[in-house]
Amino acid sequence: MQNKFKDKKKFIDFSLGSLNLSLVVDKNILLKKLNFIKNINNELFSIRVENKLIPRNKYKIEKVFKKTDVNFTVISIDFSQNFGNDFFKGRISFVQKKKNITDFIFQLSARWHKDIPKKVLLKFPFLINMHKNKNFLKPGDIFDGKIRINKGVWNLHEYPPSIISDNLGNQCLGFEFYDQFPWQANYNLGISEAISNENFEKLETEVQLTRELTDIILMKIYTSSQGREKIFSLWKENTRERYDLRKYHDSQNRWIKKNYLQHFMFAYGEEAFDYKKMEFKIIQIIKEGKEFGGYDSILFWHQYPRLGLDESNQWQLYKYLPKNYKTIKKIVDICHSYNIKFFIPFKPWDIRSNESLDSHAKSLEKFIKATSIDGFFLDTMSSLPDSFLKIQKKFPSFEFCSEGTPREQRQIETLTSSWDQIGDIRRNFTVEINSNFFRFLFPEHPLNLVSRWSVGSDKDLLIKRAAFNGMGMVIWQDIFGCWLPFSIEQKKKIKSLKYILKKYHKCFFGNNSIPLIQTLSKKIICNEFSNSFSKQKIYSIYNFGSNKIKGRILKLPSAVKEFKQIYGKDANIKIEKNQNFFYLLANLDIDDVILLNIKFDI
Amino acid sequence: MKSFVNKKIFIESNEYTYRVEHLTLEGTCSTDHGPRNVKIKNLLVDKYPVTNQQYSFFLIKTGYQPKDSQRFLEHKPNKKISNLPVVFVSQNDAIAYAKWVGGRLPTDEEWQYIAAGPKYLDWPWGNKFNSSLCNHDGNKLESVNAYRKGESWCGCVDMSGNCWEWTAGIHDDGNHQFALLRGGSYFYAHDHWHVGGGARKNNYHWKLQILNEGMNRAATLGFRCVYDAK
């Protein structure tokens, strides 16, 4: 970070990695210049006390502190203000430890008249102006002509940055408001959520001030001169540093990573049970599974909706199956002979007052020994209790998969597989094709897409969504007694998807994958899958517009050695060289999702 | 425990408008829930659910042995519980008994009429729930005649609470087989994902998805018989 402080003009100029920033520090603190955003001349903050705005240009600059070390650079500006009988002190700091990542810290304190606190509201005009900028993207947004639409989703306590860019989309700034505590009372989380809303300009953050300087806002600023993809990579790298992902890395070859298709075996129906022979039709299920490309695992389900008829608990219900546990053992053995893994579910809501998670862990341990099951499905859960975690020490290949995608750090670190479940029967739900940011932030965490109530065209969309995100699925056709099967055509598409997920596994689940890369059409979204050790990339491309798209759709990073469309309707893919740039051309029908495998020269 | 006679009550033929609600967890209950017109033929109906004593007598007299005896009479009926409703019986076990006594299981529609009557009562005893008139949310089964004041319009006792009752028939929607249970039970599981327990209203049934006999028997599931009458 280079900086200079001119006493007379009171400018502070410095660089944020590849971008330059200038502050005016006089009687207010203004963001004067950002090298690619014109007409930025904004207050960094404004303070309202009991509905009275502290007048602009009244702050007293107490001190400017600058320090450059081998490890970091700091600039901080202390200011103060008398307002009525109250007295405020504050500090604005920029701390840069890594190139292209700078922390913006805003702190404030108050000495209240007679020690009675007042209501204080903060605004950040520079952020509001950026939010209004035509090149501002809210988290997960893309440009769609002159408007912005959301094509990214996440369901975890990590918030991807908002991005502002130059007209070409090369120079970018990303803003992240990370908050360790996922509770809405926190200021950072409030801003993080508000910046995704249209009415961000109305946001006023209420703060409770004490005599000591309090951290109010911690904003991470990511900078890039290589487009928004670089912002995502910086955020991803920085976020993942907080995580202990050893469990994933220690188990690089775990079978769960290749659990592309999980079959939900609802016990009470013709699909699973032969009412004449009074036995489960496991061989037939496996045979039918081949139409989908073959099941990698089967989740057996018979406790719900049956638990609660009497006092029998979830483990006792296994005793009531034909030949007790032996039925499960027999099914498991058959599955194993076809190289299919077997899950049973855990129902946390069935824990009785005389039971504990430890007692259920013991029951599970006995069950594993008696039946050789491979995994435990955590119904309604998105975390792995420590009592169960211990099981993996005794049975190292045993796996857990939860119904909900884990949201918190510890959950993500310990629970190494989950469903990506969407849909809600209570409203008119349509499957949307968008990028699941969790999938790209933690590619080592396998997700199986499921939308239990989706039928007809929604099932088509569901398969497309799985293909677009390069993820496996749950094949669930008997929804607790409601038969909602996939069609023959849908089965073929899933079979095709499974084939490529398996064939290109290393690329799909590589560590360099990026969601929503820039495209050359406002009606196309694209994810890029790649790893750090090969020149291969897979692109998943979706035409969400209402017209066919023909022509250039992507600018490629370098010369192409070979390419192949590996999924979807033939899009007549061509590569075009123009001067020193390479473009991908395609004919894409409305709602088409295609996947391409490209090997680059460099 | 003093034994008693499970006398038969006459129900005169009638038509009524059937409308039933079912416990919705997830999935569906593929039957016509009405409102629709239903004709009830002349019937005789057991005043009480079949008791352990009655069922034990049936076993002695017939030597009945279910094909699949998993959980059959798991509660081990004895003299101390002779007046409690017999439970841990599958629909097949119930049908076997009913045939022996010359009767059958009531249809879902008949059961509702026996409980609600021509006045369409919400509960066997009236339109307002009264926990003192049924074994609701209790800890255990009670004698079938413990709540005689809770009798229905025609004099049938223990129709709500204490134990669920099988109705006739296996329903088949082409992909699933299920039976309909009536009346609710003493048992109340704690979570909303559980089968809703406690005493249930007259116009309420629960879909029990059929599996093997071990799964079809439960500690809260009994039955009563009806008899075709001229």
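**Reading charges and contacts**

Mentor: Start with A:Lys369, which counts as exposed at 59% relative accessibility. Buried means under 20% relative accessible area, exposed over 50%, and partly exposed in between (1.4 Å probe, protein chains only). This is a predicted model, in which local features need pLDDT of at least 70 and side-chain atom pairs count only at pLDDT 80 or more, while totals for chains, interfaces and linings use all residues. Residues are numbered from 1 along each chain as its sequence is written, chains are lettered from A and ligands numbered from 1 in the order in which they are written, and side-chain values use heavy atoms, with hydrogens and water left out.

Trainee: Which side chain meets A:Lys369 in a salt bridge?

Mentor: Side chains of opposite charge can pair when their charged atoms come close. The rule asks for a side-chain nitrogen of Lys or Arg within 4 Å of a carboxyl oxygen of Asp or Glu. Here the partner is A:Glu365, at 3.7 Å from N to O. A:Glu365 is buried, with a relative accessible area of 16%. Helices (H or I, at least four residues) and strands (E, at least two) are DSSP runs, numbered from the N terminus.

Trainee: How many residues apart in sequence are A:Glu204 and A:Arg48?

Mentor: A:Glu204 forms a salt bridge with A:Arg48, the closest N and O atoms being 2.4 Å apart. A:Glu204 sits in the loop between α2 (187-194) and β19 (205-207) of chain A and A:Arg48 in strand β6 (residues 46-49) of chain A, so the pair ties together parts that are 156 residues apart in sequence. A:Glu204 is partly exposed at 28% relative accessible area, whereas A:Arg48 is buried at 18%.

Trainee: Are A:Glu444 and A:Arg240 buried or exposed?

Mentor: A:Glu444 counts as buried at 11% relative accessibility, and A:Arg240 counts as buried at 18%. Their side chains meet in a salt bridge, 2.7 Å from N to O. Over all chains, the count comes to 40 salt bridges.

Trainee: How many residues of chain A are in contact with chain B?

Mentor: Contact means heavy atoms within 4.5 Å. By that rule, 39 residues of chain A are in contact with 35 residues of chain B. Buried area is the accessible area (1.4 Å probe) that two parts lose on being put together, summed over both. Between chain A and chain B this area is about 3100 Å², and carbon and sulfur atoms give 57% of it. On the side of chain A, the residues that lose the most area to chain B are A:Leu309, A:Tyr320 and A:Trp349, together 22% of what that side buries.

Trainee: How many salt bridges does the rule find across the interface of chain A and chain B?

Mentor: The rule finds two. A:Arg452 forms a salt bridge with B:Glu26, with the closest N and O atoms 2.6 Å apart.

Trainee: What is the count of salt bridges between domain 2 of chain A and domain 3 of chain A?

Mentor: Domain bounds come from an automatic or database domain assignment, which gives domain 2 as 246-503 and domain 3 as 524-600, among others. Between these two domains the count is zero salt bridges. The area buried between domain 2 of chain A and domain 3 of chain A is about 1200 Å², with 66% from carbon and sulfur atoms.
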